[in-house]
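Please open the model in your viewer and follow this short tour. Each stop says what to select and what is there.

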Amino acid sequence: MKIAIVGAGIGGLTAAALLIEQGHDVSVFEKKDAVSELGAGIGIGGNVIDKLNNHDLAKGLKNIGQVVDVMEVLDEKANPLSKIKLKKNTVNLTMSRQSLLDVIQSYVPDSAIFTNHYVTDIENGDLKVTLQFSEQPSQSFDLCIGADGIHSNTRQAVAPNNKPIYQGYTVFRGLVDEIDLKDGNVAKEYWSSKGRVGIVPLLNNQAYWFISITAKENDTKIHAFAKPHLQARFNHFPNEVRQVLDKQSETDILLHDMYDLNPLKTFVYQRVVLLGDAAHAMTPNMGQGAGQAMEDAIVLANCIQTYDFDMALQRYNKLRVKHTKKVIKRSRKIGKIAQRTNKFVVKVRNKIAQIIPNQLISNQTKFLYKSKEK
Ligand SMILES: Cc1cc2nc3c(=O)[nH]c(=O)nc-3n(C[C@H](O)[C@H](O)[C@H](O)COP(=O)(O)OP(=O)(O)OC[C@H]3O[C@@H](n4cnc5c(N)ncnc54)[C@H](O)[C@@H]3O)c2cc1C
């Protein structure tokens, strides 16, 4: 089958790797002049590694990943609020985003990736789908996979009413080297009325961090924050937080307002299929956006291998729409609870968090492992 993939991100390249392996004629169109990711870290859940089964890609990810088996939430004085032991018999990995993309890309031949190809519109039909580009002649395919992220032009062409929704907070991120974290297998979040600080270990004494602050959309005051502002705002936080911010270079701090999508009713539109953030952008509170994009790719490839064209797309839709809806909603809910700013409400929330048994919180993630692969 002749397949176009719009977007050479984590989702698009995973789909390309798996579909090329099945012998399909795949072209990946990327608007940037190179395949590249942001200078930040990312966690890939055991639910994804499990679904890759024994695929070589799982081994590649294990080679570059730091194993994290505990997720701890604390208050600003480092009093524990909850501690989730991640599922046994599975590996949760953290890594730099670029190394993740590099590993996935190593399974896609260069000849299948077309950079500087900005897809502007899609003409969907019964027999073929045609992609329009800003600078190149249009091309037709049997199937188009829209993996072009939260602001997807592919989604705009097939489901124009589904726009990203601002979720009320903005996130600063960075990567630091030569950091000696006490617990190399524990990802931590410190919650306070001033914001959340996350610190996640990576291999080779690296770590990534994020700071999530409740703010208006495009809040000019918060968007003007540089390293000294963050240090001042969180200087009463535990040593570890201050050490990480000290190590951060002044110029490489990323900042993004957080958006998600209301769950779509379908990811399939004749010969166009949506995948990853284009289909189900979610807030990062469960650390699952890229993981779900990779799962989409695995499920879509499995369905295409197993069923005829129409049945494959129907089955993909059935397996992924309902599942990712749950992840979007749960992530949104966690964000709402975590981003409280009223000091009294925060105090009550923290007390409740301390009372809830950790097992109950862990149970909230069990569904991630149960979704079907084809
Ligand atoms: C602060 C933060 C932390 C996160 N942490 C995690 C985490 O720990 N774990 C996790 O699993 N997820 C995490 N995520 C979510 C994750 O980053 C995304 O879900 C994931 O990157 C989505 O991958 P994608 O391939 O669907 O889209 P993208 O990564 O957005 O890739 C889309 C690609 O398409 C290209 N493109 C866009 N438009 C066009 C066009 N018109 N024509 C051609 N090319 C185009 C883009 O240049 C890009 O390369 C986090 C997100 C944020 C914001």
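In what order do the 7 strands of the open sheet lie? The order is 6-5-14-15-16-13-17, with mixed pairing. Strands here are DSSP runs of E, at least two residues, and helices are runs of H or I, at least four, numbered from the N terminus. Two strands pair if DSSP finds at least two bridges between them.

This is a predicted model: local features need pLDDT of at least 70, side-chain atom pairs count only at pLDDT 80 or more, and totals for chains, interfaces and linings use all residues. Residues are numbered from 1 along each chain as its sequence is written, and side-chain values use heavy atoms, without hydrogens and water.

Select the edges: strand 6 (80–85) and strand 17 (254–260) each pair on one side only.

Next, select strand 13 (residues 165–176) and strand 16 (residues 207–214). They pair in the antiparallel sense over 8 bridges. Pick Val171: its bridge partner in strand 16 is Ser212.

Now show helix 8 (residues 239–247). This helix packs on the sheet, touching strand 13, strand 14 (186–192), strand 15 (195–201) and strand 16. Contact means heavy atoms within 4.5 Å.

Move to the largest nonpolar core, with 71 residues. Such a core is a set of buried Ala, Val, Leu, Ile, Met, Phe, Trp, Tyr and Cys residues joined through side-chain atoms within 4.5 Å; buried means under 20% relative accessible area (1.4 Å probe, protein chains only). Ile5, Leu13, Leu61 and Leu131 have the most contacts inside it. Helix 10 (residues 289–306) gives the most to this core, with 9 residues.

Last stop: a second, separate core of 22 residues, including Trp209 and Leu230.

How values were computed
Axes fitted to C-alpha atoms, helices over the stretch in contact; angles between N-to-C directions. Buried < 20%, exposed > 50% of the residue type's maximum accessible area, 1.4 Å probe, protein only.
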